[in-house]
Amino acid sequence: MKILFVASELFPYVKTGGLGDVMAALPRAMRAQGADVRMLLPAYPAILSAVEVQGSVLALPELMGGGPARILRAEAPGLPLYLLDQPAFFGRAGGPYDHPSDLARRFAALGWAAAHLGRQGDGEGWRPELLHGHDWPTGLMPAYVAYGEGPRPATVMTIHNIAFQGRFPAALLNELWLPRHAFTPEGVEFHGDIGYLKAGLRLADRLSTVSPTYAREIQQAGGHGLEGLLAHRSDSLRGILNGVDRSIWHPARDPHLVCRYDLKHPSRRGPNRPDFQRRMGLQEDPAAPLFAAVSRLDPLKGLDLVLDNVDHLVSRGAQLAVLGTGDPHAEGAFRQAAQRHPGRVAVHIGYSEPLAHQAYAAADVFLVPSRQEPCGLTQLYALAYGALPLVRRTGGLADTVVGVTPETLAAGTATGFTFETASGWALGEAINQALALFREPTAWRQVQRRGMATEFGWEGPARAYLDLYATIPTKGA
Ligand code: ADP
Ligand code: GLC
């Protein structure tokens with residue numbers, strides 16, 4: 001089956017979070033199972049300078065008011081690409097979601113280009129039978145398929161985060177090349193606006209999200225206004241857990257670490273800790289339990305609960321390292337916390353792939369206190385690297401971390417710590433539990449080993465997506 005993934009991020013070229021990681025791993029895992037998956041994404045400068053462009057397959061004099069556009073054929077290692085080359089929209093410096101004035105039009109352009117490839121093929125004999133869009137930037141793609149002429153490829157939408165929906169004024173309808181009759185609750189309309197994610201969820205043949213628990217939550221209170229629609233489409237919605245790309249995230253092969261290690265050589269993890277402490281400006285205290293977080297600083301990530309616990313952690317002799325960027329208020333608060341506790345609390349405001357790898361390899365406890373978490377990859381990387389995740393029991397965190405209790409300890413199934421209520425107090429209790437276990441090295445190592453031995457591979461998820469595609473009745477196109 002010919003499948004076209006459509007997305008706005010792809011590691012290592014463009015990544016703001018887990019979406020980039022998943023886009024790098026999932027299509028390759030599906031290709032390894034024999035599926036002919038290719039990917040369409042914007043021709044960002046960072047991609048154009050890194051991949052091999054093989055030529056132009058399609059040229060348009062004008063697309064969505066952004067001037068001339070081309071679709072290029074390119075090749076990333078192990079993944080054939082189509083790149084939407086439209087310099088006015090995608091050729092500028094900055095992150096993929098910067099430049100708000102044409103955000104609506106440029107991701108409409110991406111959705112339209114995907115539908116166009118689905119209808120016409122690439123002119124070189126490759127026409128996708130199925131278009132698979134990821135998150136709101138691709139939400140209009142199923143609409144362009146539904147309201148367009150000609151053959152109709154099947155469509156699938158995956159929700160990586162329902163909090164970001166892409167809502168834009170109804171007045172844009174014409175500029176987005178959508179017909180009047182698309183503006184209904186059965187189409188792209190959402191509370192008087194044009195809803196990109198809403199359109200995709202209403203019109204795609206099948207829907208998925210990135211964990212079974214999140215799939216339930218978004219049909220209930222956690223749907224950010226889309227719960228009714230999702231409950232209505234329940235039969236078409238699957239929760240498929242993300243995996244870990246072991247070619248990137250393996251402590252035995254990680255080029256960013258000063259000392260590589262694995263389950264058989266756990267003591268080699270040791271030198272990574274003073275190295276990370278030094279890089280972050282923490283005291284090289286070998287006895288202090290080291291807590292770390294690597295996160296977008298977004299209210300849903302719950303890092304404010306960590307801020308509530310800074311003094312508590314320090315008073316108990318622990319250290320805290322935070323690597324993150326986002327909400328300026330949270331950035332400032334973490335900077336102040338670091339100033340208040342020099343050598344004990346350190347923060348790196350910014351994005352650093354090497355430091356992130358080093359954090360997973362150095363931390364004793366890895367904090368993921370999210371209010372909502374569709375899947376979460378950081379807790380999976382922490383498990384693989386021997387840092388015990390401490391997570392709130394929500395979404396994919398609930399599906400991937402087994403909290404320490406007397407029963408799970410006895411059964412040998414515990415892999416981390418969990419708490420329920422999104423409050424600083426509840427996180428503080430879980431921190432106390434982690435500190436107590438830290439004083440019992442034998443039990444600690446047992447939990448650590450279990451976490452490191454748990455495999456979250458991409459093979460199973462890749463198969464689950466192919467199974468989901470197989471439930472779509474073939475269209476006569
Ligand atoms: P989300 O996609 O919601 O941000 P995930 O847990 O799925 O959450 O993925 C986060 C990804 O982004 C991980 O690969 C993590 O290591 C990375 N990441 C987050 N913040 C930073 C940062 N400041 N520096 C480097 N990597 C980061
Ligand atoms: C989103 C979610 C995160 C998930 C990632 C990849 O950004 O916030 O939980 O792991 O997408 O699916």
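Visitor: Which exposed residues does the face of H12 turned away from its buried side carry?

Guide: In this predicted model, that face carries Pro-328, His-329, Gln-336 and Gln-339. Exposed here means over 50% relative accessible area, and buried means under 20%.

Visitor: Which residues of H12 are buried?

Guide: The buried residues of H12 are Ala-330, Glu-331, Phe-334, Ala-337 and Ala-338. Seen down the axis of H12, these buried residues fall within an arc of 125°, so they line one face of the helix.

Visitor: Why do residues three or four places apart point the same way in an α-helix?

Guide: An α-helix has 3.6 residues a turn, so residues at that spacing point the same way.

Visitor: What span should the 13 residues of H12 have, at 1.5 Å a residue?

Guide: Helix H12, residues 328–340, should span 18 Å, and its end C-alpha atoms are 18 Å apart, which agrees.

Visitor: May we turn to a pocket? How much space lies in the second largest pocket?

Guide: The second largest pocket holds about 390 Å³ of space. It is lined by 15 residues, and the closest to its centre are Arg-269, Asp-364, Trp-444, Arg-445 and Gln-448.

Visitor: Which elements give two or more residues to this lining?

Guide: They are helix H13 (353–362) and helix H18 (441–453). H18 supplies the largest share, four residues.

Visitor: How is the lining of the second largest pocket divided by class?

Guide: That lining has eight nonpolar, three polar and four charged residues.

Technical notes: Residues numbered from 1 in each chain as written. Chains lettered and ligands numbered in written order. Predicted model: local features only at pLDDT ≥ 70, side-chain atom pairs only at ≥ 80, totals over all residues. Heavy atoms only, no water. Expected span 1.5 Å × (residues − 1). Buried < 20%, exposed > 50% of the residue type's maximum accessible area, 1.4 Å probe, protein only. Arc of directions from axis to C-beta. 1 Å grid on protein atoms, 1.4 Å probe; cavity = no way out; pocket = protein on both sides within 12 Å on 5 of 7 lines; lining within 4 Å. Points joined across faces, edges and corners; volume = space filled by probe spheres on them. Nonpolar A, V, L, I, M, F, W, Y, C, P; charged D, E, K, R; others polar.
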